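Please look at the sequence and the model shown here, and then read the notes below, which take up strand pairing and helix packing in turn.

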Amino acid sequence: MNKPAATSPFHPRNRHQGRYDFAALTAAHPPLADKVRPNGYGELSVDFADPQAVMLLNQALLKLFYNLNWQLAEGYLTPPVPGRADYIHALADLLATDNGGVIPRDVDVMDIGCGANCIYPLIGHAEYGWRFTGTDITAEAITAANQIVASNPGLQRGIRLRRQKQPEAIFAGVVHKNERYQAVLCNPPFHASAEDAAAGSQRKVRNLGLKKSTPLNFGGQHNELWCDGGERKFVGQMIAESVAFADRIVWFTSLVSRKENLPALRDQLRDLDAYEVRIIEMAQGQKQSRFIAWTFLPPASRAQRLKR
């Protein structure tokens, strides 16, 4: 997790603008105080190579800005909260285009691969009151995410979690009969292999100026970090499967980290006669990110689905 710059170009509604306010964060979550130190520039910060410091910072962010209690199971991916919030806000803008420019609140969203951290449902429900169904292929991740939901009174009415028992499938088995969703979001596994993931981890270590033996601050189980074929194959499978759910899900979306994957994904969607495809650009500090969104429904049908 990288510290945002003083004028970080987050989404205008993102609560995480500017530098971290460590006085407010430690007041919200006192255990963080033990990890806050002046950095080389004399500014208060934490050691982003320290997994415990990153965990405590996330807990403080979620408590201060969303009044959420959050605990990540050991070994799972530590999400950068500000960037995750950007995806939620950009998705809200996308849905608003079908609702006369007004962000809809009566919305059902599916998070494909919610992980143990459950971060997108937590932020999306806190910001907009959306109802979420989070899915994951491991029972351990679902158990951990359920513990987070259970530790926050009232969340069980807004967030439900399902295990995907068919690892080869994405939608089948978790989208139940007669269910309808206004949107799907996904942060797919980025790397194509364990070796690719390990190399990426070492690049992060080098970029932070750390020793090779430094433990990874972001963690992650293998299914969170890599899958056969990487994000290109995973999103391609999402696209292929989405046709069967074209009338039950309004907008399908997924992060795409590698911009060079976009042309092939666009071509695949064109061949499948998607009604509309959008690339939504986002920026978090020095990092550029984006998600691809597609729908098989015309504007009138999309608008009607938001007026239930």
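## Strand pairing around β4

Ile112 stands opposite Thr135 in β4. Strand β3 (residues 108–112) is joined to β4 by 5 bridges, and the two run parallel; strands pair if DSSP finds at least two bridges between them. From β3 the chain passes through helix α4 (residues 119–128) to β4, a right-handed β-α-β crossover, where right-handed means that, with the strands pointing away from the viewer, the path from the first strand over the helix to the second runs clockwise.

Another 5 bridges join β4 to strand β5 (residues 159–163), again in parallel, and in β5 the bridge partner of Gly134 is Leu161. The chain crosses from β4 to β5 through helix α5 (residues 139–150), and this β-α-β crossover is right-handed. Because 5 of the 6 residues of β4 (residues 131–136) are buried, the strand is largely enclosed by the rest of the structure; buried means under 20% relative accessible area (1.4 Å probe, protein chains only).

## Packing of α2 and α3

The axes of helix α2 (residues 51–66) and helix α3 (residues 81–96) come within 10 Å and cross at roughly 45°. Asn58, Leu61, Leu62 and Tyr66 in α2 meet Val81, Pro82 and Ala85 in α3, contact being heavy atoms within 4.5 Å.

## Basis of the model

This is a predicted model, in which local features need pLDDT of at least 70, side-chain atom pairs count only at pLDDT 80 or more, and totals for chains, interfaces and linings use all residues. Residues are numbered from 1 along each chain as its sequence is written, and side-chain values use heavy atoms, with hydrogens and water left out.

How values were computed:
Axes are lines fitted to C-alpha atoms, for helices over the stretch in contact, and angles run from 0 to 180 degrees between N-to-C directions. Helices (H or I, at least four residues) and strands (E, at least two) are DSSP runs, numbered from the N terminus. Buried means under 20% relative accessible area, exposed over 50%, partly exposed in between (1.4 Å probe, protein chains only).
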